[in-house]
Amino acid sequence: MKKITLASISLLLLCSIILGACATATTTAPAATQAPTTAAATEAPPSTAPTEAPAATGPNCGTDPVVLNAYFETGFTIPFDLADEFTKQFPKVTWDIKQDQFANLITTTPLLLAGDNPPDLLRLPTMVSFAKDGLLMDLDGYAVAFGWDKWPVPQLNQNRVAADGTRGSGTLYAMGLNYSLTGIFYNKELAAQIGMTEPPKTLAEFDDLLAAAKAAGLQPIMEWGSAKSGMGLAFPLQNLMAAYGPVGPINDWIFQKPGATIDTPSNLLAAQHLERWIQAGYFPPDINAIEYTDAASRFTQGEGVFTFNGDWQNAGYDAGMPGNVGFFLMPPADAGGAPAAMSAPLTYGIAANAKHADCAAFFFDWVATNDVARTINVNIGGSNPGGPAGAMMPAAAAGSVTNETLAAGPVVGAAGNSMDFIANATSSIFAQGWTPELQKMVGGQQDAAGLLQAVQAEYERELVQ
Amino acid sequence: MTTPTKVESDIDVERLGNRPGHLDVSRRAHFSKRVRRETLVGWLFVLPALLMYVLFVLVPLLLTILYSFFHWNGVGPMIWVGLKNYVTIFQVPNLLGTIKNAFWLVVWFSIIPVGLGLIVASIIHRVATGRLGATARTVLFLPQVIPLVAAGIIWGWLLALPGLINQILRAVGLGAITTAWLGDFDWALPAVGLIGIWVLMGFCIVLLLTGMTKVDPALYESARIDGASWFREFIAITVPLLRYEVGVCLTVTVIAALAAFDIIWVSTAGGPGNATSVPGIQIYVLAFTQRAVGLASALAVMLMVLVVAVIIPIQWLSRERAL
C-alpha cells in the first residue's frame, strides 16, 4: 500500500513537471512524454475491485471503450487466452489481434513499428535495433508507476537496452508475459530402464546415463537440427558452457558487451564435450534434417531418453506422454556446483507511437499480478509468470511436468545462474552462425575450436553491419 | 506496339524516297501528322502496362542498386559506404559459396530437366499420341500447378530418414544406403535438385512437345523410310529443329536455378551447414533477418548481373540458330 501511494505521488509529481515543461521543452524522453494517465488516481479509491473500472492507481485503460491493436505469435495460445480474460475483466477493452509466425515477425516488425498504425502490444522477436531506431516505447516510466522496478532483479534486465546498444542494463523496452526455463526433459519409463532413479547431480553422472542409454540400444538424446527450425544443439552446447564455466561471460556475449567473446577456454571444453556426444552417437543420425515439431513428437512417441528443451513445450509433452515425462536442470560439472539454465522472457513491447500505450502497460502489469492471469500463464503457457516477489504461484495440474519446471526456476534464480540464449545474441547469429556451424560439426566438417571461431567471426561481422 | 508504327514509318520513308519530287509539302505534313497520332495512340495503349512495369520492376531495381551503396537497416539512417558491400561479398566465404551452389543447381534444375524433357517429349510424340499422350502430358505437368510450399513440405517428409523413399530402399534390401537426404552434406544438394527436376521437367516437356508438333511430319517419314532409328531421328531432326524451344526452356530453368529460393527455403532453408545455401536465401536472410539491406542489395545486384551474363549467350545462341 505504501509503495502504491509513493508511486502515485511520484507519478503526480512527474506529470506536473511534464505539464510545466510542455511549453518549452520538446526533447523529453519518450517515457516522459507518454506520461501515464493519472485522472483515475484521484477519482477512484485504490481498493476498487477490477470489474468495470480498471485498477485505480497509475496508468490504465481509462473509462472509454478501447480497442487494443495487437500482434501475437502464431502457434502459442497464451497471449490470446490472456487477452480474452482481460476483456472479461475489463469489458471496455477489446482487441484487434493479428498474428504471424515468429520467423515472419522478425521480418515485419520494423515495418509494423514504423508504420501508420503501430501496434499497442506486439511480440518482439528481437529488440536492440528497434530500440536504437527509437521504434519502441521507453517503459521506464511505467516501471516506476507500477513498481516493476521492485520485482526480483533478473526479470527486467533482459529487456533493458543501454544507449550503446548493449542489452542487460539501461532503458526498459519490453516486458515478459512469462519467463521460460530450459533444461532436460526425460522419458520416465526409458530412464527407469537404464537405471536412472534420480536426476544426475554432475555432468559425469549424466554422461554415464547417456552411455547406458546407448548401450541399451535406446536413442540417448532426441534433438532437432534442421535449418528450417534452427539448430537445437545450441541448447546442450549452452548448457555445457554453463556447466564448465561461469554464466557471466556468456550473458556478456549475448548482451553484446564490448570485447565479449564466445571463444573462451571453458567454452572450448564445452564444445569439445558436445563433439564427443555427437561422435558417440548420442543424437539421432538424421538430426540435421529433424525439425522442432518432429523432434517433439518423436520424443513423445518414445524415441529418446532425454531431450533438451524449454517449458513452453510442457503442455505438448503432458498431452503426448501423460505422467511419463520428467524434468531436471543441466547438472554442474563438479559435485556441489550450482545448476544453470537458459531463461528468457516471452517478450512483448509497445510501439513508440502506440495510441493506447497506457492500456497496454496496464495489461503487462495485470498479466503479472492478477491471479487468474497467472493461473492461465502456468496452466497454458507452462512457464513462470514472474511478477512481484511473493505473488500467488498457481499450482499446475497434478502429474504435469510443469510442477517440475516451476520448482526448478527458483533453484536457478537463487544461484544467480540464469542466462539468455546464445541464439539471441544478434538477430541472425542463429541462422548464420550457430545453425550452419553446429550442422557442420554433426557432419564431421567442423571441430570444437573451429565452431567457436566461426561463430565469433560471424558475431563480429554482424555487429559491424 | 511501338514496333509496327516504326515499321510503317520506315515504309513511308522508303516510299517517299522512291518518288522524289512527287510529294508536296502538305502531304508530307499529313503523313507525319498521321504517324505522330498513331505513335501517340500506341503509347497510350502501352502506358498502363508501362506504368506498372516502371513502378514494380524498374523503380525497385534502381532502388536496389542505390541501396547497395549504403549501410542501412531498413528503418534508420542510411550511410554511404561506396563499394564496401560488394567487397564484403568477396570477403565472406559463405556468400561466395552460395554462388558456387547456384551453378551446381543449374545442372539439376536446368540441364537434367531439359535433357530428360527432350527424351520424354520425343518418346511421347512418337509412341504415345492420343489419349495416352494427353494423360502423360497432364501427369508430368501437374507439379507446375501444385503450390511449391506444399510440394516442399511433402518432399521433406518423403526424403526424411523415416520417410517413404528410405522405407522403399529398406524394403528392397538397400537399407545400407538410407540417409536423411536433406540433412546429409553430400546428398542435400542433389536431393533439392531432385525436387527441382520434378517441378521443372513437366514445363520443359509440354513446351518441347508443342515445338515437336510444328515439325513437318514428312521429315520423320522420310527418315523412317531411310531406316533411321528413334535415336537417329532424335539427334538429326528433333534436337536441331527444337533449338528455339530448348533455348526458352534453358532460359527459364537457368533463371530458376540461379535465382532459386522457394524450393530450397521450404526443403532445407540452406542447410546442412551451407550445403544448399544459394544467393536467394542469403539475400532474404541478410535483408530481413539481419537487416543488412545494403549488403543484401549488393548481393542481389551481383545475382542479377550473373543471371544476365548467363542468359544473354543462351538467348543469342538459340535465336541465332533458330533463324
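**Figure 1. Chain B, its burial and its fold.** In this predicted model, buried residues account for 33% of the 323 residues in chain B. The chain is built from 14 helices and two strands. If you take the contacts in chain B between residues at least 6 apart in sequence, 73% of them join residues at least 24 apart.

**Figure 2. The largest nonpolar core.** This core holds 142 residues. Those with the most contacts inside it come from both chains: Ala234(A) and Trp434(A), together with Leu208(B), Ala260(B), Ala296(B) and Leu299(B). Helix H8 of chain B (residues 188-214) gives the most to this core, 15 residues in total. For a closer look at one member, follow Ala296(B): leaving aside neighbours within four places in sequence, Ala296(B) is in contact with Ile283(B), Leu286(B) and Ala287(B). A second core of 55 residues is separate, and Val93(A), Leu156(A), Ala174(A) and Ala373(A) are among its members. As background, nonpolar side chains tend to be buried together in soluble globular proteins.

**Figure 3. Where chain A meets chain B.** Here 26 residues from chain A and 25 residues from chain B make up the contact. On the side of chain A that touches chain B, helix H5 (102-114), helix H19 (429-442) and helix H20 (448-464) of chain A each supply at least two residues. H19(A) provides the largest share of that side, six residues. By residue class, the side of chain A that touches chain B divides into eight nonpolar, 12 polar and six charged residues.

**Figure 4. The two domains of chain A.** The domain assignment gives domain 1 as 2-179 + 345-381 and domain 2 as 182-343 + 408-464. Their contact takes 11 residues from domain 1 of chain A and 10 residues from domain 2 of chain A. The side of domain 1 that touches domain 2 in chain A comprises four nonpolar, six polar and one charged residue.

**Figure 5. Helix H10 of chain A and its buried face.** Spanning residues 203-215, this helix has 13 residues and reaches 18 Å from its first C-alpha to its last, close to the 18 Å expected at 1.5 Å a residue. Leu203(A), Phe206(A), Leu210(A) and Ala213(A) are buried in H10(A). Seen down the axis, the buried residues of H10(A) fall within an arc of 75 degrees, so they line one face of the helix. On the other side of H10(A), look for Ala204(A) and Ala215(A), which are exposed. The buried residues pack against helix H11 (234-244) and helix H13 (265-279) of chain A. Following H10(A) is Gly217(A), which has a positive phi near 80 degrees.

**Figure 6. Helix H13 of chain A, seen in the same way.** The 15 residues of H13(A) should span 21 Å at 1.5 Å a residue, and the end C-alpha atoms are 21 Å apart, which agrees. In H13(A), the residues Asn267(A), Ala270(A), Ala271(A), His273(A) and Leu274(A) are buried. Just after H13(A) comes Gly281(A), with a positive phi of about 75 degrees.

Note on methods: Residues numbered from 1 in each chain as written. Chains lettered and ligands numbered in written order. Predicted model: local features only at pLDDT ≥ 70, side-chain atom pairs only at ≥ 80, totals over all residues. Contact = placed C-beta atoms within 7 Å. Helix = DSSP H or I, 4+ residues; strand = E, 2+ residues; numbered from the N terminus. Nonpolar A, V, L, I, M, F, W, Y, C, P; charged D, E, K, R; others polar. Domains from an automatic or database assignment. Core = buried A, V, L, I, M, F, W, Y, C linked by C-beta atoms within 7 Å. Buried ≥ 20, exposed ≤ 12 C-beta atoms within 10 Å, placed from the backbone. Expected span 1.5 Å × (residues − 1). Arc of directions from axis to C-beta.
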